[in-house]
Amino acid sequence: MRTAFGLTFDVPDGYLNTASIGVPPTGTVEAVAAAVATWGAGGARPTDFDADTDAGRESFARLVGVPADRVAIGATISQLVGIIAADLPDGARVLVAEDEFTSVSFPFAAQADRGVQVDEVPLEAIPDKAADHDLVAVSVVQSADGRLVDLDALRDAVRDRPTRVLLDVTQAAGWLPMELDWADHVVGTGYKWLLAPRGAAWLAQHPEAPAPRPNHANWYAGDGMDSIYGLPLRQAPGGRGLDLSPSWLAQVGAAASMRALAELDLAQVRAHCTGLADRVRAELGVAPEGSAIVSVPGADAVRKLTDAGIVCAARAGKARLAFHLYNTDADVDLVLRALRG
């Protein structure tokens, strides 16, 4: 067991794979197990999960710096991005970063038959090219190597321009402090840094952005329980009108983990995570980068690390290490010994 930031984790030494799947606090495990037990005993009712669903929505809003009434719940990033992509006008131009995570870029590429054009540029060129496009879709932290987009420069580039901005915070929310109330669309999923089960994701929609067609319109997005049968279409106001019917157990876990994360001082969490990551960068001769994700080059890097009992990922021909609040200097020591071996 490890204790970090007031939370307890049953996480093994050398677990550096949060960028693939986060390890939940023991309290989250207990909450989900209790919900499963109630379900298994025939005691669960659909409305039992509403409070957790609302709590996850509110915590996501706090973590990205937006009002909770903007936030819709979903299941995956691609499903939420797909709502925005399907609503673009024919012939729209979309800007993405080279080697962007495909759940961000593929929903737009799938609109090619309508003349939607997707342009790839280096991540650092995103702000300079933004104003030439109808929409910019980019991860705040890149999945492959942990690089951060320059949010201040991007915001300045689109100020007083019609260009819309979609930000994916999946590799950022939970360790990186953010205030993204200016962005048109903010999406994120819970099973990585937010330490939730897979199946919970969120979309924050700016009220001044065009309201997308609710292609996944369903009973849960209706305006109350009188919306479960019959026409006409009845949507709830704000973000709720884009809700997907919740994955119940995922929402239980998301509420438990994200309540705790939203109460933390994320500046301290970031300093902790990037401090550990920068120790590895120093060994690699790389300057500090302000990211909790480290990309380790070398054809045998993944083998050396896994042989040493370190859980990591192979991404873009390199080993990817991810440091979260439950990691310690002991994990860094394991990495450094492995890389020197």
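## Close-up views of a predicted model

The structure holds 20 salt bridges, each a side-chain nitrogen of Lys or Arg within 4 Å of a carboxyl oxygen of Asp or Glu. This is a predicted model, in which local features need pLDDT of at least 70 and side-chain atom pairs count only at pLDDT 80 or more, while totals for chains, interfaces and linings use all residues. Residues are numbered from 1 along each chain as its sequence is written, and side-chain values use heavy atoms, with hydrogens and water left out.

**View A. A salt bridge joins Arg-259 to Asp-52.** The N to O distance is 3.6 Å. The pair links distant parts of the chain, 207 residues apart. Arg-259 sits in helix 7, and Asp-52 in helix 2 (residues 50–64). Helices (H or I, at least four residues) and strands (E, at least two) are DSSP runs, numbered from the N terminus. Buried or partly exposed: what are the two partners? Arg-259 is partly exposed, at 41% relative accessible area. Asp-52 counts as buried, at 18%. The cut-offs are under 20% relative accessible area for buried and over 50% for exposed, with partly exposed in between (1.4 Å probe, protein chains only).

**View B. Asp-156 and Arg-159 form a salt bridge.** Their closest N and O atoms are 2.7 Å apart. Asp-156 is partly exposed, with a relative accessible area of 47%. Arg-159 is partly exposed too, at 44%. Side chains of opposite charge can pair when their charged atoms come close.

**View C. Asp-300, Arg-303, Lys-304 and Asp-307 are linked in a network of salt bridges.** One of the links is between Lys-304 and Asp-300, at 3.8 Å from N to O. Asp-300 is partly exposed, with a relative accessible area of 31%.

View D. Strand 11 pairs with strand 12 (residues 318–322) over 3 bridges, in the antiparallel sense. Two strands pair if DSSP finds at least two bridges between them. Which residue is the bridge partner of Ala-314 in strand 12? The partner is Ala-319.

View E. Contact means heavy atoms within 4.5 Å.

**View F. Ala-172 is a buried residue in a loop.** The loop runs between strand 7 (164–168) and strand 8 (185–189). Ala-172 has 0% relative accessibility and therefore counts as buried. Leaving aside neighbours within four places in sequence, Ala-172 is in contact with Val-140, Val-141, Met-178 and Trp-193. The C-alpha atoms of Ala-172 and Val-141 are 5.8 Å apart, although 31 residues separate the two along the chain.

**View G. A nonpolar patch on the surface is formed by Trp-219, Met-225, Ile-228 and Tyr-229.** Together they have about 470 Å² of accessible area. Areas come from the Shrake-Rupley method with a 1.4 Å probe; for residues, only the protein chains shown count as cover. Patches are made of residues with over 30% relative accessible area and no salt bridge, with like charges joined within 9 Å and nonpolar side chains (Val, Leu, Ile, Met, Phe, Trp, Tyr) within 5 Å. Met-225 is exposed, at 55% relative accessible area. Met-225 lies in the loop between strand 9 (201–205) and helix 7 (248–263).

**View H. The peptide bond from Leu-231 to Pro-232 is cis.** Omega is near 5°. Pro-232 is found in the loop between strand 9 and helix 7.

**View I. Asp-99 has a positive phi, and so does Leu-195, which is not a glycine either.** For Asp-99, phi is near 60°. Asp-99 is in the loop between strand 4 (93–97) and helix 4 (102–109). For Leu-195, phi is about 60°. Leu-195 is in the loop between strand 8 and strand 9. Asp-99 is exposed, at 64% relative accessible area, whereas Leu-195 is buried, at 1%.
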